[in-house]
Amino acid sequence: MREAHPTERRVGIEYYRSNAAGTGGRLRTHPADFRVREVETTTPAPLDADTGDYPHLLVRATLRDWDTNDFARRISDALGISRERVSWAGTKDKRAVTTQLFTLTNVDAADLPDVAGAEIEALGRVGRSLYFGDLAGNAFEIRVRDADPDTVGEITVDLRVETGDGGSDGPVDVAVPNYFGHQRFGSRRPVTHEVGLCLARGAWREAVLEYVGNPADAEPAATRAARGFVDDQAATDDPDWAEAAERMPGALRFERSMLHRLNQDGDETPDDWRHALEAVPTNLQRLFVNAAQSYAFNRIVSERLRRGLPLARPVEGDVVCFADSDAPEDLSRPETDRTQIATGRRVDVMTRHCDRGRAFVTAPLVGVDTELAEGEPGEIERAVLDDLGLAPADFDLPGEFHSTGTRRAVLLRTRVGVETDPANDAYDLSFSLPSGSYATVLLREYLKVPPTEL
């Protein structure tokens, strides 16, 4: 197996599926080079529906060069409402053209503002706000520039899975390890999983300092200096958190908010450190814990690959989930609340289901309700958790940090359309992925560049 880039290994990604050399190339030279459209499943009530029953306005926003969190803050400021009244199903790339849904609580369509770089369309009203992951999937259209398109075909052959569908001249069914992409952990400074691991271990102080201090080489000099000052203050008996907040660049608003709370609380008890961490939006609080779960998942998938255990088919003891029969066409989406343990004769039965794309081998996103696999898959899961000093009960945390856990397919299947443009040293990829899966885990197989370039 071809080993992953060293930076990827920091987040548990150890291998490529394709052994072919990468195409190289650049993504997002222009925002239109990276288009993402949510596969929508929400059917709203009319705009004039009773706001008592349907308090949330559902809007579709097409954003150009907008970070999702920044857009949420911009539209909440324009409407004069709390940022907590803006919800969405998935965070999208900034340097892109993205089409996604948002809900706005207790907002009328007539009050929607004009926002530069955004087209906002009111669709109707719904009875609850969107939550993270509340979408079927995403459809991608991506151009790779300054690449070697001659190797695209070899990579596609490496990734291909035989299904009996799709000719050689059309879209091709492929499969890759269903890793959590590098951006799950922070593209420039991958620390969110480290924060989450601290939380699971009950180390609230260490969690805050991992996020606010702990400078990274890839950051601007002013940011590194400000984080270094935080680390210096944390080592003293009388830290000056007010000065630390003053030195932190204005763009790092979450870090500044945490430091302001520390300065106000003063005593630095575990509750004070937790209060500081809760200065960030609730979705980011959940992301810390989710990132720790994601890191453990990546480690488990990589260990399966290292030991030669298949991802596409179960072995004795594997937990297998079934495909979602209600998923939109062309979306191979696992339904992780329907699982069976593959033992004895069930191994062959579940293998046939997996071969037909009707079932998936899974690994845990560990939480308080997690039941681990049996046999060698279970040995791998327990060994990784032991190495990280984690157990399911550790995720019995307060507030938004609590997690019951779930399972996730270890293999990502999709149908890819490929068009090469040798005259311009470019090629185009089009594909759809279920919610929760990352386009970068497919793109990395083609480009084989550092994860910061994906």
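Residues are numbered from 1 along each chain as its sequence is written, and side-chain values rest on heavy atoms, with hydrogens and water left out. Because the model is predicted, local features need pLDDT of at least 70 and side-chain atom pairs count only at pLDDT 80 or more, while totals for chains, interfaces and linings use all residues.

The score used is pLDDT, the predictor's confidence in each residue, from 0 to 100. Its mean over the protein is 94, and 98% of the residues reach 70 or more. Helices and strands are DSSP runs (H or I, at least four residues, for helices; E, at least two, for strands), numbered from the N terminus. Confidence is lowest in strand 9 (residues 334–341), where the mean is 91, and highest in helix 12 (residues 375–388), where it is 98.

The interior comes next. In soluble globular proteins, nonpolar side chains tend to be buried together. A nonpolar core is defined here as a set of buried Ala, Val, Leu, Ile, Met, Phe, Trp, Tyr and Cys residues joined through side-chain atoms within 4.5 Å; buried means under 20% relative accessible area, exposed over 50%, and partly exposed in between (1.4 Å probe, protein chains only). The largest nonpolar core holds 103 residues, and L199, F288 and Y446 touch the most other members. Helix 10 (residues 282–307) gives this core its largest share, 11 residues. A second, separate core has 18 residues, among them L57, A61, F102 and L104. Contact means heavy atoms within 4.5 Å. Beyond residues up to four places away in sequence, F288 touches T192, V195, G196, L199, Y211, M258, L277, V280 and F401.

Where is space left between the atoms? Rolling a probe the size of a water molecule over the atoms shows where empty space is left. On a 1 Å grid over the protein atoms alone, a cavity is a set of points where a 1.4 Å probe fits but cannot get out, whereas a pocket is an open set with protein on both sides within 12 Å along at least five of seven lines; lining residues have an atom within 4 Å of a point. Grid points are joined across faces, edges and corners, and a volume is the space filled by probe spheres set on the points.

By this rule there are 3 cavities of 30 Å³ or more. The largest cavity holds about 50 Å³ of space, and its lining is made of L311, A312, C354, A359, F360, V361, A409, V410, L411 and R413. Strand 10 (359–365) and strand 12 (411–421) each supply at least two residues of this lining, and the largest share, 3 residues, comes from strand 10. For residue classes, Ala, Val, Leu, Ile, Met, Phe, Trp, Tyr, Cys and Pro count as nonpolar, Asp, Glu, Lys and Arg as charged, and the others, Gly among them, as polar. The lining of the largest cavity then has 9 nonpolar, no polar and 1 charged residues.

The second largest pocket has a volume of about 490 Å³. It is lined by 23 residues, of which D173, L331, S332, R356 and G357 are the closest to its centre. Strand 7 (172–177) and strand 12 each supply at least two lining residues, with the largest share, 3 residues, coming from strand 12. By class, this lining divides into 7 nonpolar, 5 polar and 11 charged residues.

A few single residues complete the picture. E38 lies in strand 1 (residues 34–39) and counts as buried because its relative accessibility is 3%. E38 and L101 are 63 residues apart in sequence, with their C-alpha atoms 7.6 Å apart in space. T156, in helix 3 (residues 152–159), is also buried, at a relative accessible area of 10%. Leaving out residues up to four places away in sequence, T156 touches V172, V174, V418 and Y446.

Most residues other than glycine have a negative phi, and most peptide bonds are trans. R28 is not a glycine, yet has a positive phi of about 60°; this residue sits in the loop between helix 1 (6–9) and strand 1. K448, in the segment after helix 13 (439–447), likewise has a positive phi, near 50°.
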